[in-house]
Each structure stands twice: as C-alpha cells, then as structure tokens.
Amino acid sequence: MAVIATLMNRQHLLTYIYLLVYISLSSGVILYNKWVLSTLYFNFPFPITLTMIHMAFSGGVAFVLIRVLKVVSPIKMTFHIYTTCVVPISAFFAASLWFGNTAYLYISVAFIQMLKALMPVATFLVAVTCGTEKLRCDVFWNMVLVSVGVVISSYGEIHFNVLGTIYQVSGIAAEAFRLVLTQVLLQNKGLTLNPITSLYYIAPCSFVFLFIPWYILEKPEMEAPHMQFNFWIFFSNALCALALNFSTFLVIGRTGAVTIRVAGVLKDWLLISLSTVLFPESKITGLNVIGYAIALSGVVCYNYLKIRDVRISQLQIIPDESTKELQMEKKEEDNVNRNEDTLWNDSVSDSHSHFDEEAPLMYSSRISHLGRKPA
C-alpha cells in the first residue's frame, strides 16, 4: 500500500508539473509575442512575419521528427483529402494566427484575453450553422451571458481600439471555423492528427497562405534600413510556441479536456494580472473585471453543459451495448439450440444451409457440449 501511495503521489506530482508547464508556456508565448510586436519594446511590428517564422520552424521540426527520426508515422493522406480537408483548415488556421497576432499592435493583452471569452460563442454559432450542433435554449442563454459580459468589459476598456478589436474578433471567428472544419472534414473521415502530424501537414500550407498578405503588406516595410532582426529572439520565440503545442497535447492526454479547460481559466486570470505588471500601459478597470467575470461565468456554465452531455451520452451507450450483447448471446444460443436439435435428428448436412456465416463456427466450437447431450 505504501508503494502504491508513493506511485500515486508521483503521478499526481507529474500531472501538476505538466499543468504548470502548460500554463507557463501558454502565458509566456502570449507575453513574448506582445513584447516582440509592440513598438514600445522590441519593436518588430510585423505579425505576419512572426507567424510565418512559427510555421516554418514548426513545419521543419515536424518534418525531421517524421521523415528523418521517424518518431511518428505519417497518416495515409491522399491528394483529395489534402485539398478538400487540410487546405481549408490551414487557411483558417493561418487567418486566426495572423489576426490574433496583429491585435497585439493595437490592444492590451488583458483586453485580448477578455475578448477570447467569445470563443465558445463563435464556435457554437459556426457549429449550428454547419449542422454539427443543435440550437438549444440553455446553451443559447449561456452564449448571451458571455456576450453581455464581453460587451461590458469592452465598454470599460480605457484604451479601446476599434481596429484591434476587429482583428481579435476576426481571429476568434477564424479559429472557430478551423475547429468546426477539423471536426467535419477530418474526424468524420476517421483521420486524427496528433501535434506532430498536424504541424507536418498544416504548417507548410499555412505558410503558403500567409505569404500572399506578407508580400503585399509587410515586405515593403521590412526593406527599411532600421528594421532589426535578432536570430536568438525569434528562435526562442518559435521554440516556445512549438513547446506549447506539445505541452497541450501532453496535458490533455494525461488529464483530459475538462482539466485543461479549468487550467485555461486559471491561466487567463494569471495572464491578465501579469500583463498589467509587465506592460504598465495596460490598465484594468472595475468594469473590465465585472464584465469578464460575467463572461467567465457563462463559459463555466457552458463547459458544465458540455461535460453533462458527454456523461449522459456515455450512460446511454452502456445500456445500448449491454442490450446488443444480450441480443447477440440470445441469437447465438438460439442458433446453437437449433444446431443441436438438427444434429440429434441426423440431419446436420441439410441444416447448415439455413445458418448464417457464423453458424458453422459456433457449431464446431460446441462439439464437446453436443456430445454430452442426453438421448
């Protein structure tokens, strides 16, 4: 018992370490991106370029892991699946990163995190539009509560910027489409992508999508002589983004999606607090806190409803499976009884033509039992 207790404590400690690493990396990547892009600090106001660096680095690492080191195997990807599934998902993925990173140029990290509370609302609306979710009153009113909270929080924002808010909301909408398309296009085809295979297939395609707006919007400005480029800054930034992707997968695999949602809520509060300390120009008002609290309560209720639906569906599956097993057992018993009766009537060869494909197998497996049947 002492050994089991020690192992349990070690497992719990390891889980807490994973959660701490996830929260640290998630917060660190956001704050790092803000520092790099902000004109007040590192002064590299090129969000598309930064996103392309992330995609190139992640795609390159994924290629080495799959093709060179062979850590994981690539899935069976046909040209049709790639063009009809991976390409649109990559387009929305690129758009979500582009718009989300551009928002750092105009609004604070704290306000961005508050706007991200709209993510369940956007995902629900897109899912209802695509037919993967049904419009329900309880979920609808939760979405209304989240939206009201975000509106109150936006009204209380001191440095409210329309353009930055539009960029962030557009990034949220693009991410919602990406999530729903991943479910509709890939999961319905039986394809599942882990972080490495996801980056292997999606990152290069996203890089191509980002190249067009980069060439039009940022390339001319980057030719200015005052533009600085520090290799180690961008290398460490891309490495943190890649590590965050892997840590999310590890935390979900060890704890589940529910735990990572709770950890995400804690991370948001921590990130809002840290951003006000690290970036003094970012200020939080009482109305910000009230609005975000209202929105967060709606998000928590939404998560509770999703968890409850999953548990109800699991409880429904268990009786259904039990019923199917009983029906199969009864069918097998009936087939065996009919087989036995036929054998004792000396008509085995004639009766086999009336059985289904499994009848001969059931018959041969029950020879010893048939031999014990009394005359």
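Which residues does T51 touch, not counting residues up to four places away in sequence? T51 touches L97, W98, N101 and L210, where a contact means heavy atoms within 4.5 Å.

## Basis of the model

This is a predicted model, in which local features need pLDDT of at least 70 and side-chain atom pairs count only at pLDDT 80 or more, while totals for chains, interfaces and linings use all residues. Residues are numbered from 1 along each chain as its sequence is written, and side-chain values use heavy atoms, with hydrogens and water left out.

## Overall make-up

The protein has 14 helices and zero strands, where helices (H or I, at least four residues) and strands (E, at least two) are DSSP runs numbered from the N terminus. Of its 375 residues, 40% count as buried, a word that stands for under 20% relative accessible area, with exposed meaning over 50% and partly exposed lying in between (1.4 Å probe, protein chains only). Among contacts with a separation of 6 or more, 84% are between residues 24 or more positions apart.

The unreviewed UniProt entry lists several spans as "transmembrane region", including residues 44-69 and 105-127; such positions are given in the numbering used here, feature names are shortened, and annotations may be inferred rather than shown by experiment. In the model, residues 44-69 are 85% helix and 0% strand, with end C-alpha atoms 34 Å apart, and residues 105-127 are 70% helix and 0% strand, with end C-alpha atoms 30 Å apart.

## The surroundings of T51

T51 lies in helix α2, which covers residues 47-68, and T51 is buried, with a relative accessible area of 1%. The side chains of T51 and N101 are joined by a polar contact of 2.8 Å, which is a pair of N or O atoms within 3.5 Å; within protein, one must be able to donate a hydrogen and the other to accept it, and residues adjacent in sequence count only if both atoms are side-chain atoms. T51 and T102, although 51 residues apart in sequence, are 9.9 Å apart in space, C-alpha to C-alpha.

## Helix α9

Helix α9 has 25 residues (residues 231-255) and, at 1.5 Å a residue, should span 36 Å, which agrees with the 36 Å between its end C-alpha atoms; the expected span is 1.5 Å times one less than the number of residues. At the N-terminal end, N230 caps α9 through a side-chain oxygen that lies 3.1 Å from the backbone nitrogen of W232. The buried residues of α9 include I233, F234, N237 and A238, whereas C240 counts as partly exposed at 25% relative accessibility.
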